[in-house]
Amino acid sequence: MTLRKEYKEHDYLINTYGSFAEARNDKFHVDERRYSSILKLTANGTLIMGIWSLIKCFMEMIGDMGSEILADEVPLLIAIFGSAVVIAFFFMIGISFRYLVWRGACREAASGKSTNGYIACAIILLAYGVYAVAYFIYHAVRKEADVQGVLKLIFDVTSFIILCELIASAFRLRKVRKEIAARETGGEL
């Protein structure tokens, strides 16, 4: 049983009026458009997850800063400066990896320029996702997990799934584009 529709050469009535543009509705071109769309969608999801993690980090820093000011009576200026430095550091690391993944995946989806740099960054982010899930499981076994930990787990698992789909669609898109290139040159893959 197959869940995919098998496409025929003229399955849809496109170009019935003698257009100069080729219809390109064979299986390979349809798959190319599908995987390109999925790659772009997951790239946008990766960037949005990075923005959300930045906002989450900022909110945690503000919450921690408020408790430090009240508990330790640290001068307000030093606390604000220290928090700004830490937020800038996390911004540079967290967003830069996700931005590189977003830019590389969008570029490959649009123009076909395949680079492995964004895939390496996505794998690094996947490794962090595995660490975050293992860290939650460790705290859950020790009965130290709280509601905030569960919310972080949901966020990390969602990010992990998006990155897995991004990597899978990137490799599928590359495979389909190789098959299209081989068919257009008349060679076999």
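**A buried arginine and the rest of the fold**

Analyst: Start with Arg174. Its relative accessible area is 15%, so Arg174 counts as buried. Keep in mind that this is a predicted model.

User: Which residue does Arg174 form a salt bridge with?
Analyst: Glu108. The closest N and O atoms are 2.8 Å apart. Arg174 sits in helix α4 and Glu108 in helix α2, so the pair ties together parts 66 residues apart in sequence.

User: And is Glu108 buried or exposed?
Analyst: Buried. Glu108 has a relative accessible area of 1%.

User: How many salt bridges are there by this rule?
Analyst: The count comes to 6. Another one joins the side chains of Asp31 and Lys27, at 3.0 Å from N to O. Those two are 4 residues apart in helix α1, so about one helical turn separates them.

User: How accessible are Asp31 and Lys27?
Analyst: Asp31 is buried at 3%. Lys27 is partly exposed at 34%.

User: What about Glu144 and Arg142?
Analyst: They form a salt bridge too, with the closest N and O atoms 3.5 Å apart. Glu144 is partly exposed, at 40%. Arg142 is partly exposed as well, at 46%. There is also a network: salt bridges with shared partners join Lys27, Asp31 and Arg34.

User: Step back. How many helices and strands does the protein have?
Analyst: It has 4 helices and 0 strands. From the N terminus, the order is α-α-α-α.

User: What share of the residues counts as buried?
Analyst: 29% of the 189 residues.

User: What about the largest nonpolar core?
Analyst: That core has 20 residues. Leu39, Val101, Ala105, Tyr118, Ala122 and Leu166 have the most contacts inside it. Helices α1, α2, α3 and α4 each give two or more residues to this core. The largest share, 7 residues, comes from α4.

User: Which residues does Val101 touch?
Analyst: Leaving out residues up to four places away in sequence, Val101 touches Thr46, Tyr118, Cys121, Ala122, Leu125 and Leu166.

User: New topic. Which residues make the nonpolar surface patch?
Analyst: Ile51, Trp52, Ile55, Phe58, Met59 and Ile62 make a patch of about 550 Å². Trp52 lies in helix α1, residues 27-72.

User: Why does Trp52 count as partly exposed?
Analyst: Because its relative accessibility is 41%. Partly exposed runs between the buried cut-off, under 20%, and the exposed one, over 50%.

Notes. Residues numbered from 1 in each chain as written. Predicted model: local features only at pLDDT ≥ 70, side-chain atom pairs only at ≥ 80, totals over all residues. Heavy atoms only, no water. Patch = residues over 30% accessible without salt bridge, like charges linked within 9 Å, V, L, I, M, F, W, Y side chains within 5 Å. Areas by Shrake-Rupley, 256 points an atom, 1.4 Å probe, with all protein chains shown as cover. Salt bridge = Lys/Arg side-chain N within 4 Å of Asp/Glu carboxyl O. Buried < 20%, exposed > 50% of the residue type's maximum accessible area, 1.4 Å probe, protein only. Core = buried A, V, L, I, M, F, W, Y, C linked by side-chain atoms within 4.5 Å. Contact = heavy atoms within 4.5 Å.
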